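Dear colleague,

I am passing on the structure we spoke about, together with some notes on helix packing and charged pairs. Please have the model open as you read.

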Amino acid sequence: MECISISHKTAASGERQKFYIPGESAGDFLKKVRAAAGVEQCVLLSTCNRTEIYVQGEENCFPGLEEILADFSGSESEQIRNLVRRYQGRKALRHLFRVVCGMESMVLGEDEILGQTRDAYMTAKEAGHTGFELNSAFQAALACAKRVKTETMISKTAVSVATLAASEVARMPLSHKTVLLMGSSGQMGSIILKNLLSQKNVRIIATVRSHNGICQSGGGQVTHVDYQERYAALEEADAVISATASPHYTLTAGRVQEAIRTWKERLFLDISMPPDLDAQIGKLAHCRLVALDDVKGLARENNMRKQQAFAVAEEILEEELEKLSKTLAFHRFTEADVQWKERYAGCSGEKLLYLLRDGLDSGSFERVLQALTATVI
């Protein structure tokens with residue numbers, strides 16, 4: 001397996017935006033990858049923090065993948081080569097496991113990446129772009145992530161971009177807060193809404209595309225307003241959070257300045273890719289803009305608390321990766337020699353033991369002997 005990756009570790013949000021591939025374009029993109037020379041299977045994972053292509057096929061598919069990504073993004077191949085990281089073989093498998101477990105995320109242990117990877121894998125699988133190798137790899141990675149989530153504190157203390165956004169609102173020095181939330185019906189927005197509702201004395205104005213109304217939930221109150229009325233709602237808001245999938249700005253600086261009549265300290269949080277909020281909003285008086293890349297600073301303290309859980313997760317990952325490597329190795333063996341059962345039918349147990357003794361290290365050979373002894377008994 002091979003993988004190319006552009007992520008928050010190699011590119012700022014402005015650069016990552018060029019390589020973000022929305023869901024409606026994923027099908028066509030996968031077809032182009034699949035049609036590339038040497039590619040037999042492929043999966044695309046594209047989120048606000050990373051765009052990664054996983055392929056199975058001939059060795060060294062990197063140049064072709066980089067060319068496809070350059071063509072899609074309108075970027076120069078040289079820029080791609082400066083930003084991309086390449087993984088091959090076991091390193092590619094380990095990278096996939098780390099990504100799905102949230103160990104490569106901007107916020108360590110985030111939950112969203114698990115669902116995003118599952119969706120990306122199912123999209124590729126249902127379109128017929130995967131086979132035994134990528135099916136095994138992604139299923140094993142997803143199972144590993146669930147185990148890490150269950151057995152370590154990485155999940156119990158997990159904080160995502162969405163929960164950090166809600167926490168930033170909680171830190172505002174106000175006894176009562178009004179939050180304008182755009183994108184509450186999406187996956188990220190719904191998590192933010194849930195976290196905001198767990199806070200005391202928070203009123204939420206959530207934009208919708210149809211009806212207006214008010215509902216109570218948890219400790220907060222939600223008022224639904226039509227999306228077209230978002231600028232009118234700014235006057236009441238102490239904080240504004242935008243988490244939509246819109247290709248356009250949800251708020252521009254000029255219209256924000258026109259809409260606000262009372263100048264007070266306001267927090268604007270943009271956790272979308274591409275960005276929802278005009279960067280110039282942060283330059284308006286009494287307006288503080290926190291963009292996606294700024295979340296790195298918010299995540300630093302959270303990540304410090306997770307280091308011990310991170311070490312345990314690494315051990316689990318290596319165990320699960322070893323199981324997968326054996327499964328793939330055995331599959332390659334049986335694929336290369338379809339008559340293997342017949343060929344080894346006459347092989348004595350004694351001969352096989354000598355072959356294992358000569359080919360394995362002492363620890364591995366001892367474990368084989370122990371397993372054989374337990375089986376005989």
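This is a predicted model: local features need pLDDT of at least 70, side-chain atom pairs count only at pLDDT 80 or more; totals for chains, interfaces and linings use all residues.

Helix packing

Helix α2, covering residues 23-35, packs with helix α3, covering residues 62-73, at an angle of about 145 degrees, and their axes lie 10 Å apart. The crossing of these two helices, α2 and α3, is right-handed. On the α2 side the contact is made by S25, F29, K32 and V33, while α3 contributes L65, I68, L69, D71 and F72. Sorted by class, the residues in this contact of α2 with α3 comprise six nonpolar, one polar and two charged.

Salt bridges

The count of salt bridges in the model comes to 18, and three of them are described here in turn.

In the pair of R81 and E78, the closest N and O atoms are 2.9 Å apart. Both residues belong to helix α4, residues 77-83, and because they are three residues apart in that helix, about one helical turn separates R81 from E78. R81 counts as partly exposed, with a relative accessibility of 41%, and E78 is likewise partly exposed, at 46%.

The salt bridge between R147 and E320 has its closest N and O atoms 2.8 Å apart. Are the two partners buried or exposed? R147 is partly exposed, with a relative accessible area of 21%, whereas E320 counts as buried, because its relative accessibility of 14% falls under the 20% cut-off.

R357 forms a salt bridge with D358, and here the closest N and O atoms are 3.1 Å apart. With a relative accessible area of 43%, R357 is partly exposed, while D358, at 59% relative accessibility, counts as exposed.

Technical notes:
Residues are numbered from 1 along each chain as its sequence is written. Side-chain values use heavy atoms; hydrogens and water are left out. Axes are lines fitted to C-alpha atoms, for helices over the stretch in contact, and angles run from 0 to 180 degrees between N-to-C directions. Helices (H or I, at least four residues) and strands (E, at least two) are DSSP runs, numbered from the N terminus. A crossing is left-handed if the near helix is turned anticlockwise from the far one by less than a right angle, and right-handed if clockwise. Contact means heavy atoms within 4.5 Å. Ala, Val, Leu, Ile, Met, Phe, Trp, Tyr, Cys and Pro count as nonpolar, Asp, Glu, Lys and Arg as charged, and the others, Gly among them, as polar. A salt bridge is a side-chain nitrogen of Lys or Arg within 4 Å of a carboxyl oxygen of Asp or Glu. Buried means under 20% relative accessible area, exposed over 50%, partly exposed in between (1.4 Å probe, protein chains only).
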